[in-house]
Amino acid sequence: MRHLIDPMDLSVEEVDHLLTLAQDIIDNKEKYSEVCKGKKLATLFFEPSTRTRLSFEAAMMELGGNVLGFSSASSSSSTKGESVGDTVKIVSCYADIIAMRHYKEGAPMLASMKSDVPIINAGDGGHNHPTQTLADLLTIKREKGRLNNMTIGFCGDLMFGRTVHSLIKAMSRYEGIKFILISPDELKLPDYIRTEVIEKNNIPYEEISSLEDAIGSLDVLYMTRVQKERFFNEADYIRLKDTYILDKSKLALARPDLSILHPLPRVNEISVEVDDDPRACYFRQALNGKYVRMALIMDLLGLDKDFKA
């Protein structure tokens with residue numbers, strides 16, 4: 001039995017398999033409409049979510065399976081003091097696979113030690129978000145036609161942004177990658193990601209504070225919101241929340257083939273006037289998330305063996 005807790009749990013070959021399978025699902029939806037008939041996915045979301053939770057639920061339903069679960073800690077027995085381990089042990093009696101989001105780093109890892117069914121980390125605090133990473137990789141692959149030889153800019157909250165941390169880990173395994181890290185000093189990438197991932201793999205990178213100075217050199221721009229829920233001091237959040245706003249004037253400095261990604265939700269870091277630009281990929285990115293989660297569910301349940309993508 002396998003779990004997905006960290007994007008590095010998957011080899012490059014396994015990632016390529018999931019992306020190929022996801023593309024085949026996109027191209028041949030009917031072929032997969034009953035793959036998970038009789039199977040149940042439990043969504044255990046101890047932290048609020050719209051896209052990720054509904055994406056998982058839609059994925060399982062479109063595979064012909066069923067869904068159960070909860071969408072906030074307040075509606076679970078954790079309010080009575082039940083441990084994560086006990087919750088997962090019980091839920092694994094009722095479901096075939098579990099997608100879990102938790103506000104504490106490491107909670108899905110703990111859950112995987114107690115569960116009798118596969119656990120998918122759907123986000124743990126500021127740590128990892130591996131299925132968003134798969135959605136990001138599928139989007140980049142579909143938009144650019146490759147996952148190598150490109151310059152990727154990450155802009156905004158790089159300190160607490162678990163999607164940023166996960167994608168940097170994943171992209172560090174491809175050839176010809178360069179990272180441009182765009183943030184204020186207070187929200188710079190954590191040292192452990194910089195040293196243990198980027199520098200350890202000898203990947204060229206720059207740390208700058210100006211989006212305007214960087215945008216013209218990028219193949220991919222990964223925008224992030226400044227996350228209020230990660231701040232201990234509201235004054236710091238208010239001071240930093242509008243540091244970067246991508247609008248048409250900044251986009252005029254970018255390449256015609258730039259791909260703009262955002263894990264969503266956005267607040268105002270991307271102006272709505274950008275939405276109609278063909279370089280805006282974030283809504284396509286959200287849709288890609290459903291398809292790659294379909295592929296992952298199939299893979300972890302061992303149901304992909306009979307389907308040749």
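Arg293 lies over the face of Phe56, 5.1 Å from the ring centre. A charge sits over a ring if NZ of Lys or CZ of Arg is within 6 Å of the ring centre and within 35 degrees of the ring normal.

This is a predicted model, in which local features need pLDDT of at least 70, side-chain atom pairs count only at pLDDT 80 or more, and totals for chains, interfaces and linings use all residues. Residues are numbered from 1 along each chain as its sequence is written, and side-chain values use heavy atoms, with hydrogens and water left out.

Some terms come first. Helices (H or I, at least four residues) and strands (E, at least two) are DSSP runs, numbered from the N terminus. Two strands pair if DSSP finds at least two bridges between them. Strands of a sheet pair through backbone hydrogen bonds, either parallel or antiparallel.

Here, four strands form an open sheet. Their order is β2-β1-β3-β4, and the pairing is parallel. Which strands stand at the edges? They are β2 (66–70) and β4 (119–124). Each has a single partner strand, so one side of each is left without a neighbour in the sheet. The twist averages 15° from one strand to the next. Such angles run from 0 to 180 degrees between N-to-C directions, and axes are lines fitted to C-alpha atoms, for helices over the stretch in contact.

Strand β1 (residues 40–45) pairs with strand β3 (residues 97–102) over five bridges, in the parallel sense. Ala42 stands opposite Ile98 in β3.

Helices lie across these strands. Contact means heavy atoms within 4.5 Å. Helix α2 (residues 51–62) lies across β1, β2, β3 and β4. It runs at about 175° to β1. Helix α4 (residues 107–114) lies across β3 and β4, and runs at about 165° to β4.

## Aromatic pairs

The structure holds four aromatic pairs. Rings of Phe, Tyr and Trp (its six-membered ring) pair if their centres lie within 6.5 Å. Planes under 30 degrees apart count as stacked, over 60 as edge-to-face and the rest as tilted. Two of the pairs are set out here.

| Pair | Type | Centre to centre | Angle between planes |
|---|---|---|---|
| Phe46 and Phe70 | edge-to-face | 5.1 Å | 85° |
| Phe154 and Tyr222 | tilted | 5.6 Å | 50° |

Phe46 sits in the loop between β1 and α2, while Phe70 sits in strand β2. They are 24 residues apart, and the pair links distant parts of the chain. Both Phe46 and Phe70 are buried. Buried means under 20% relative accessible area, exposed over 50%, and partly exposed in between (1.4 Å probe, protein chains only).

Phe154 lies in strand β5 (residues 150–155) and Tyr222 in strand β8 (residues 220–223), so the pair ties together parts that are 68 residues apart in sequence. Phe154 and Tyr222 are buried as well. Ring pairs link Phe154, Phe179 and Tyr222 into a cluster.

β5 and β6 pair in the parallel sense over six bridges. Met150 stands opposite Ile177 in β6. How enclosed is strand β6 (residues 177–182)? Five of its six residues are buried, so it is largely enclosed by the rest of the structure.

Together, β5, helix α6 (residues 162–171) and β6 make a right-handed β-α-β unit. A crossover is right-handed if, with the strands pointing away from the viewer, the path from the first strand over the helix to the second runs clockwise. Helix α6 is mostly covered, with 10 of its 10 residues buried. Among them are Arg162, His165 and Lys169.

Next comes strand β7 (residues 205–208). Four bridges join β6 to β7, and the two run parallel. Ile180 stands opposite Glu206 in β7. The chain crosses from β6 through helix α7 (residues 191–199) to β7, and this β-α-β crossover is right-handed.

## Backbone exceptions

Most residues other than glycine have a negative phi, and most peptide bonds are trans. Asn149 has a positive phi, near 55°. Asn149 lies in the loop between α5 (130–144) and β5, and counts as partly exposed at 48% relative accessibility.

Leu264 also has a positive phi, near 60°. Leu264 lies in the loop between β9 and α11. Is Leu264 buried or exposed? At 16% relative accessibility, it counts as buried. The peptide bond from Leu264 to Pro265 is cis, with omega near 5°. Pro265 lies in the loop between β9 (259–261) and α11 (282–300).
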